[in-house]
Amino acid sequence: MRLTAVLLATQTVLRISSRPLTSKAAALRTPRLGPQRRFRTMEIGEDPQDPQNDVNKSESDVTAPAEPREPTEESKSSLEAPVEPGLMPGETVVREGKAVILFPSANEVFYNPVQEFNRDLTCAVVTEFARETLAQRGVRIVVPGEKDRVVVRLADERNGGEGEGGGEEKREEFRTTPVGERCEDGLRVLEALAASGLRSVRFSLEVPGLKSVTANDCSAKAAALIARNAAHNNVTHLLEASQRDASMLMYEARGKKQCYDVIDLDPYGSPAPFLDAAVQAVGEGGLLCITCTDMAVMAGNSGETCYSKYGSVSIKSKYCHEMALRIILHSLDQRANVYQRYIEPLLSVSVDFYIRVFVRVRTGQAKVKNSASKQAVVYNCVGCGAFHLQRMGKRISQGKHVKYSAATGPPVGLSCEHCGQRHQLGGPLWAEPIHNMEFVQKVLAAVSGNPSRFGTSKRIEGVLSMVTEELQDVPLYYVLDQLSSTVHCNTPSMLQFRSALLHAGYKVSLSHACKNAVKTDAPAGVLWDVMRCWEKNNPVKRERLSETSPALRILSTEPALQASFDVRDDANPQSRKRHLTRFQENPQANWGPKARAKAGGGVSSELEDRRKQFQGKRKTQITDSAQLKNFPCKKFRKGCCTYGEKCCYSHDPQHLTSQEEKME
């Protein structure tokens with residue numbers, strides 16, 4: 001009788017889309033009642049494969065009891081979560097935020113603890129988006145841990161006269177909606193590629209003002225797991241599991257009144273196949289949350305592949321991470337323009353091994369005409385790294401009218417004016433600001449004022465603080481290490497270099513995308529003048545420089561600017577003064593994106609083989625330096641080797657020819 005009651009309750013609670021599940025997947029929906037064992041949950045950062053972290057140990061397996069400690073807010077919330085009566089063989093329980101999720105440990109791709117920052121940041125952004133959107137509908141959200149905010153609507157009430165009653169303001173209190181309750185005027189959220197449904201469960205438990213959350217995955221096992229996790233966390237009144245093709249699900253929602261207010265795309269690799277459907281399925285003024293983990297493509301390793309996916313050519317450069325952000329924004333805007341829509345970036349971040357963008361999508365034929373002037377191509381010098389942007393279109397305001405015309409260019413000559421080297425052409429890319437400062441300030445204030453809400457609150461505060469300090473009207477950046485390496489001199493401190501630019505009257509900031517980035521409105525010529533002045537105080541041996549090297553060409557020119565390296569107080573930004581967590585170290589070995597899942601579940605066996613592919617290239621290690629003469633000198637081939645006959649590598653033309661043939 002007890003087992004029958006559990007089965008009936010499970011069938012009543014779980015809601016899955018109309019597509020039938022297979023018998024194996026349906027079996028996942030019903031927990032097996034085994035022997036009474038007590039399980040512990042796996043904390044964030046623990047390796048599920050580590051025998052010491054076996055979460056399926058019973059109390060009898062533990063040799064020594066843990067020391068009692070004070071319950072934290074997070075542990076208190078975890079105790080309130082429902083307890084799973086039994087786990088299926090091989091499953092583990094993972095706790096993140098307020099969610100307690102069941103994971104099949106045989107497929108570790110379902111969960112990546114490094115992505116907790118991504119999910120925390122998304123919850124924070126969606127919460128502020130819900131606060132702004134629902135305020136227009138007369139609803140005030142209530143976030144646990146936040147100080148109560150008195151939010152009222154102000155409406156001018158005109159009585160037709162200018163007496164005492166004229167011009168009074170009517171104060172109308174908002175309806176409130178707490179976390180975990182269904183709001184009829186709330187947001188409809190879609191997680192198109194949900195896997196285990198962790199993100200959707202966290203939305204349901206941590207983001208107020210939601211009407212529904214749809215967690216979709218094309219895998220029958222994943223859809224059944226989502227349903228189990230929804231029931232396990234008591235959010236079936238908000239969360240609906242769906243087993244559909246992500247693109248088809250979004251295409252069916254386009255043009256309808258019930259389109260989604262928030263769409264989250266976090267695929268394995270590129271989101272390119274889903275962008276066209278996403279820009280149509282999101283409602284007017286809705287929020288798109290996009291993650292890209294194919295950074296090798298977007299950072300310049302394969303420019304032709306980047307063009308085929310995003311309509312933009314990526315190039316290898318020091319500013320590749322910000323360029324990747326601008327490439328995905330360009331791709332989103334271009335696809336939205338086809339349907340008379342355009343984007344407004346709210347927040348764009350490059351962290352860890354991926355990039356993440358949050359954009360609003362709006363409709364307007366007149367606004368779409370501005371898109372051409374928002375895109376640009378970039379000319380990048382292969383010698384010194386100087387870059388110039390060329391807009392794709394020109395927009396001139398003439399009173400109430402706007403005139404559009406083709407842009408004029410190019411902004412550079414046949415060769416670089418600083419070092420004489422050639423240019424590479426990259427893009428098109430988004431050339432407008434990639435953040436909305438007002439929105440970012442709201443998210444930062446909410447996270448700083450309620451630090452116990454997220455496990456990564458300190459890092460969110462550090463990253464968003466750097467974002468607010470960035471120059472918004474300056475695309476891309478230089479890297480201080482690269483500038484010093486180009487002229488072969490030692491590197492000035494960041495404060496000294498920033499102070500020199502500030503003394504010269506230019507604006508300068510750091511970038512969240514790179515630790516040693518220099519984002520400035522100063523032209524490249526000014527940067528090289530600063531480096532020339534620095535080199536005079538820290539001279540370079542000119543006789544060791546090749547005649548064709550960019551360093552000799554740059555240092556041979558006298559600086560037109562006399563730089564001052566006296567450190568200024570405003571050269572040190574507040575995020576650096578406060579020692580905020582900005583660029584954290586890698587937390588563990590083999591850290592990064594997890595392996596791609598196999599069709600039948602489990603992790604691809606090729607992962608370890610790919611990791612070892614480029615290790616130990618030389619089977620026989622060289623112990624005698626004389627053996628290096630069998631390898632061609634790369635610097636000699638480029639014409640910049642200064643060692644002559646003393647070089648330990650070969651200058652033999654035959655070795656050089658054979659090496660070039662191998663490269664071809």
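Two strands are said to pair if DSSP finds at least two bridges between them. Helices (H or I, at least four residues) and strands (E, at least two) are DSSP runs, numbered from the N terminus. The model is predicted: local features need pLDDT of at least 70, side-chain atom pairs count only at pLDDT 80 or more, and totals for chains, interfaces and linings use all residues. Residues are numbered from 1 along each chain as its sequence is written, and side-chain values use heavy atoms, with hydrogens and water left out.

**The open sheet**

Select β19, β21 and β20: in that order, these 3 strands form an open sheet with antiparallel pairing. Its edge strands are β19 (478–479) and β20 (508–511), each of which pairs on one side only. Next, display β20 with β21 (residues 514–520); 3 bridges join these antiparallel strands. Here S511 stands opposite C514 of β21.

Move to β7 (residues 182–191), where 7 of the 10 residues are buried (under 20% relative accessible area; exposed is over 50%, partly exposed in between; 1.4 Å probe, protein chains only).

Now show helix α5 (residues 198–206), which together with β7 and β8 makes a right-handed β-α-β unit. Within α5, select S200. Its relative accessible area is 0%, so S200 is buried. Leaving aside residues up to four places away in sequence, S200 touches E191, V213, T214, A215 and L239 (contact: heavy atoms within 4.5 Å).

**Aromatic pairs**

Rings of Phe, Tyr and Trp (its six-membered ring) pair if their centres lie within 6.5 Å; planes under 30 degrees apart count as stacked, over 60 as edge-to-face and the rest as tilted. By this rule there are 4 aromatic pairs. One of them, F353 with Y354, is edge-to-face, at 5.3 Å centre to centre and 70° between the planes.

Finish at W534 and F565, whose ring centres are 5.2 Å apart and whose planes stand at 65°, so this pair is also edge-to-face. W534 lies in helix α18 (residues 524–537) and F565 in the loop between α19 (550–555) and α20 (574–577), 31 residues apart.

Note on methods:
A crossover is right-handed if, with the strands pointing away from the viewer, the path from the first strand over the helix to the second runs clockwise.
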